[in-house]
Amino acid sequence: MTATLLDGKATAAEIKDELRVRVKGLAERGLVPGLGTVLVGADPGSQAYVNGKHRDCAEVGIASIRRELPADATQEQVDEVIAELNADPACHGYIVQLPLPRHLDTQRVLELIDPDKDADGLHPVNLGRLVLGYDGPLPCTPRGIVELLRRYDVPLRGAEVAVVGRGNTVGRPLGLLLTRRSENATVTLCHTGTLDLAKHTRNADIVIVAAGVPGLLTADMVRPGATVVDVGITRVIGPDGKGRYTGDIAAEVAEVAGAMVPMPGGVGPMTRAMLLTNVVERAELG
Ligand SMILES: Nc1nc2c(c(=O)[nH]1)N[C@@H](CN(C=O)c1ccc(C(=O)N[C@@H](CCC(=O)O)C(=O)O)cc1)CN2
């Protein structure tokens, strides 16, 4: 491996230290930030992610508000929980853990969240604010990627960035974040339907892959010395018959890239740290 690793886990730990100080500052004003989670069903992966969010809260002093509903919960029951969290002054931000069971209308649920309590930053109003350059909670994964690159002094101003993936949670909002005046990168938003994907990735100083296709980015698609960011997280069964997560960037890319955000230990921990940041910011706004 020749690429320098950009360590999302260590950076997230640093951010949590900073948040602890801000949470103390809020306590002096008599305010305890609160993060709510809504979990519907008992999917083990979703349970683990929600548990992780509450562990993170405990580490920095954010109050946890947990709402759990059975897998067969009705749309009305979910709507009621959302209405309750929208009205709860102790809850400064909350998330609905995705995916929801199929019989529920995900878009409806996400649109019912009060945009000013949208800790994931994925409400249409907040994506609209991002398009227009207005303030509002930012989507956690794109925000985490930009923050990690910034903390490692990876230049964005004037950089050519290829983003592979046009999803609403990562690729599309990331393109918007990177092209803000404060970042000033030039972004090519690619996707699995892009003709000659390698032409775009080879031209880039930074390649960010969020396509959900294991091993999509191979060494021949990367300019030597470029920075690569792996956002992919796909569960696969290994040759030993055991399940494991794999990213979108082939291991061999580490021999060509100058710097690499790996999976695991890169974007995931940063996403978690940005969720906490969004909640603390919401509380600071009063
Ligand atoms: N409402 C939301 N639902 C979901 C989100 C989300 O951001 N908001 N994202 C994923 C699940 N998720 C958080 O909820 C999440 C996934 C993965 C990681 C992470 O840190 N992954 C590790 C690797 C895998 C592991 O060890 O479990 C890493 O990248 O190092 C954090 C959060 C879907 N649902």
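In strand β3, the bridge partner of G36 is I65. Seven bridges join strand β2 (residues 34-40) to β3, and the two strands run parallel. Helices (H or I, at least four residues) and strands (E, at least two) are DSSP runs numbered from the N terminus, and two strands pair if DSSP finds at least two bridges between them. The model described here is predicted: local features need pLDDT of at least 70 and side-chain atom pairs count only at pLDDT 80 or more, whereas totals for chains, interfaces and linings use all residues. Residues are numbered from 1 along each chain as its sequence is written.

The pair β2 and β3 belongs to an open sheet of three strands with the order β3-β2-β4 and parallel pairing. From one strand to the next, the twist averages 15°. Helix α2 (residues 44-60) packs on this sheet, where α2 touches β2 and β3, and the direction of α2 makes about 170° with that of β2. For such angles, axes are lines fitted to C-alpha atoms, for helices over the stretch in contact, and the angles run from 0 to 180 degrees between N-to-C directions. Contact between two residues requires that their C-beta atoms, placed from the backbone, lie within 7 Å.

A further open sheet is formed by six strands in the order β1-β11-β8-β7-β5-β6, with parallel pairing. Its edges are β1 (4-5) and β6 (186-190), each with a single partner strand, so one side of each is left without a neighbour in the sheet. Within this sheet, four bridges join strand β5 (residues 160-164) to strand β7 (residues 206-209), which run parallel; V164 has V209 in β7 as its bridge partner. An antiparallel arrangement is found for strand β9 (residues 234-237) and strand β10 (residues 243-246), which four bridges join. The bridge partner of V236 is R244 in β10. Strands β9 and β10 form a hairpin with five residues between them, and G241 in the turn has a positive phi of about 80°.

The domain assignment of the chain, automatic or from a database, gives domain 1 (14-114) and domain 2 (140-267). The centres of domain 1 and domain 2, taken over C-alpha atoms, are separated by 28 Å.

Two packed helices are described by the angle between their axes and the distance between the axes. The axes of helix α1 (residues 8-28) and helix α9 (residues 267-284) come within 9 Å and cross at roughly 15°. Helix α1 is therefore roughly parallel to α9; angles under 35 degrees count as roughly parallel, over 145 as roughly antiparallel, 65 to 115 as roughly perpendicular and the rest as oblique. The crossing of α1 and α9 is left-handed, a term used if the near helix is turned anticlockwise from the far one by less than a right angle, with right-handed used if the turn is clockwise. Residues of α1 in the contact include I15, L19, V23 and L26, and those of α9 include M270, A273, L276 and V280. The residues of this contact of α1 with α9 divide into 12 nonpolar, four polar and five charged. In this classification, Ala, Val, Leu, Ile, Met, Phe, Trp, Tyr, Cys and Pro count as nonpolar, Asp, Glu, Lys and Arg as charged, and the others, Gly among them, as polar.

For helix α6 (residues 140-151) and helix α7 (residues 171-178), the axes come within 8 Å and cross at roughly 45°. Helices α6 and α7 are therefore oblique to each other, and α6 passes α7 in a right-handed crossing. In α6, P142, R143, I145 and V146 meet P173, L174, L177 and L178 of α7. By class, the contact of α6 with α7 has seven nonpolar, no polar and one charged residues.

Most residues other than glycine have a negative phi, and most peptide bonds are trans. The peptide bond from L98 to P99 is cis, with omega near 0°, and P99 is placed in the loop between β4 and α4 (106-112). A cis peptide bond also joins M263 and P264, with omega about 5°; P264 lies in the loop between β11 (259-261) and α9. In the loop between α6 and β5 lies D153, which has a positive phi of about 55° although D153 is not a glycine.
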